[in-house]
Amino acid sequence: MPAIERKHVRRVSPLFVVFGLVFLFAAYNLLHMVMHNKGPNPGAAVTDALGMSDPVTGLRYHVAVTATDAPYSQWQCRIMYYWYKKVRDMPGSDMGNFTRILHSGRTDHLMEEMHTFVVDPLPDGLDRGYIVLNRPWAFVQWLESATIEEEYILMAEPDHIFVSPFPNLAKGSHPAGYPFFYIKPAEKAKIIRKFYPKEKGPLTDIDPIGNSPVIIQKSILEEIAPTWMNVSLRMKEDPETDKAFGWVLEMYGYAVASALHKVKHILRKDFMLQPPWDLEVGKSFIIHYTYGCDYSMKGELTYGKIGEWRFDKRSYLSGPPPRNLSLPPPGVPESVVRLVKMVNEATANIPKWETLNRS
């Protein structure tokens with residue numbers, strides 16, 4: 001039976017907290033993605049400005065995922081945990097223990113299924129509907145109060161599926177992160193300088209990343225996390241910044257916080273792929289299924305339009321998807337086919353799949 005931890009942590013004072021944005025982990029804008037990412041799949045390339053693309057394997061990392069007790073979050077965590085257990089013990093994997101950091105402030109019925117550490121959410125109303133702001137606050141509480149055996153931590157999300165043996169991609173004090181094409185500090189200079197003034201350094205100090213996926217030394221994350229929380233809350237409080245960053249505000253918060261602590265990330269484009277835009281799985285380690293996959297029965301992607309065949313996690317907000325989802329029609333990219341097959345394998349093997357998540 002998984003260990004269960006519950007830690008009541010003093011809630012942060014409103015004097016130190018200032019916040020905001022939208023629904024659940026905030027839906028990406030499909031048309032925006034299409035317009036900006038029509039190029040070939042970047043998943044096989046490695047960007048390594050630090051000259052350290054080869055990680056030193058054998059150093060275990062703790063897999064940590066922040067989550068809520070909503071059915072939408074729960075079923076994704078169950079699929080993620082299924083694949084974590086399969087990949088963890090494969091040759092070449094450096095995965096260590098697993099924790100679901102539950103920031104709903106109360107236990108739920110998945111506590112016996114996976115190791116869970118319950119933390120407090122932000123005070124009522126202070127997130128202004130932007131639930132992602134609970135993520136840095138959750139990490140602050142977990143790092144302060146939990147027993148974490150590993151020296152490194154992988155910050156992951158519920159909609160991550162592990163597809164291959166996963167080494168520790170970090171190297172020493174340099175974390176490994178995934179470069180997001182839409183995190184562009186130089187293009188947001190006026191806004192960024194409110195939180196990263198010129199005397200701190202050039203904008204190139206700020207990596208084009210979010211907090212996830214990132215593999216990082218625990219001691220470094222302990223330093224960054226409170227700054228990440230406070231910067232994100234300050235960004236949300238500022239109307240100009242809130243409007244400019246929208247659903248990626250907390251990602252910019254982490255990127256700026258890292259720069260404030262002089263932390264540079266090894267950028268790994270092979271860290272993960274994102275169907276339907278990345279067409280092949282290749283040598284990537286994570287499938288991130290945040291985008292809806294909509295196709296005609298001829299296998300043609302229908303940009304931002306509900307397809308004749310579709311898989312979109314947001315179709316299952318109130319309960320889990322059914323077992324044995326239909327496979328995509330011929331012509332659909334391998335990445336989408338692989339995603340659906342992996343979802344189907346997980347749901348076929350997770351007990352009480354279609355009933356446990358329902359309130």
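**Reading a predicted chain**

Trainee: How does His174 count by its relative accessibility?

Mentor: His174 counts as partly exposed, because its relative accessibility is 24%. The cut-offs are these: under 20% relative accessible area is buried, over 50% is exposed, and partly exposed is in between, using a 1.4 Å probe and protein chains only. Before we go on, this is a predicted model, where local features need pLDDT of at least 70 and side-chain atom pairs count only at pLDDT 80 or more, while totals for chains, interfaces and linings use all residues. Residues are numbered from 1 along each chain as its sequence is written, and side-chain values use heavy atoms, leaving out hydrogens and water.

Trainee: Where is His174 placed?

Mentor: Look in the loop between β6 (160-162) and β7 (176-177). Helices (H or I, at least four residues) and strands (E, at least two) are DSSP runs, numbered from the N terminus. Now find Val263: it is 89 residues from His174 along the chain, yet their C-alpha atoms are separated by 7.0 Å.

Trainee: What does the whole chain look like in helices and strands?

Mentor: The chain has nine helices and 13 strands. Of its 359 residues, 58% are buried.

Trainee: Which residues have the most contacts inside the largest nonpolar core?

Mentor: General idea first: in soluble globular proteins, nonpolar side chains tend to be buried together. A nonpolar core here is a set of buried Ala, Val, Leu, Ile, Met, Phe, Trp, Tyr and Cys residues joined through side-chain atoms within 4.5 Å. The largest one has 80 residues, and Trp142, Phe162 and Phe166 have the most contacts inside it. Helix α5 (residues 218-237) gives the largest share of this core, nine residues. Another core, of 26 residues, lies apart from it, with Leu273, Ile287, Phe311 and Val340 among its members.

Trainee: How do the axes of α5 and α7 cross?

Mentor: Two packed helices are described by the angle between their axes and the distance between the axes. Axes are lines fitted to C-alpha atoms, for helices over the stretch in contact, and angles run from 0 to 180 degrees between N-to-C directions. Here the axes of α5 and α7 (residues 249-260) come within 8 Å and cross at roughly 130°. That makes α5 oblique to α7; under 35 degrees counts as roughly parallel, over 145 as roughly antiparallel, 65 to 115 as roughly perpendicular, and the rest as oblique.

Trainee: What polar contact does the side chain of Asp294 make with Arg310?

Mentor: A polar contact is a pair of N or O atoms within 3.5 Å; within protein, one must be able to donate a hydrogen and the other to accept it, and residues adjacent in sequence count only if both atoms are side-chain atoms. The side chains of Asp294 and Arg310 make one at 2.6 Å. A polar atom of the Asp294 side chain also lies 2.9 Å from the backbone nitrogen of Gly307. Asp294 sits in strand β12 (residues 293-295) and is buried, because its relative accessible area is 3%.

Trainee: Which side chain is joined to that of Gln74 by a polar contact?

Mentor: That of His109, at 3.3 Å. Gln74 is in helix α2 (residues 71-88), and at 2% relative accessibility Gln74 counts as buried.
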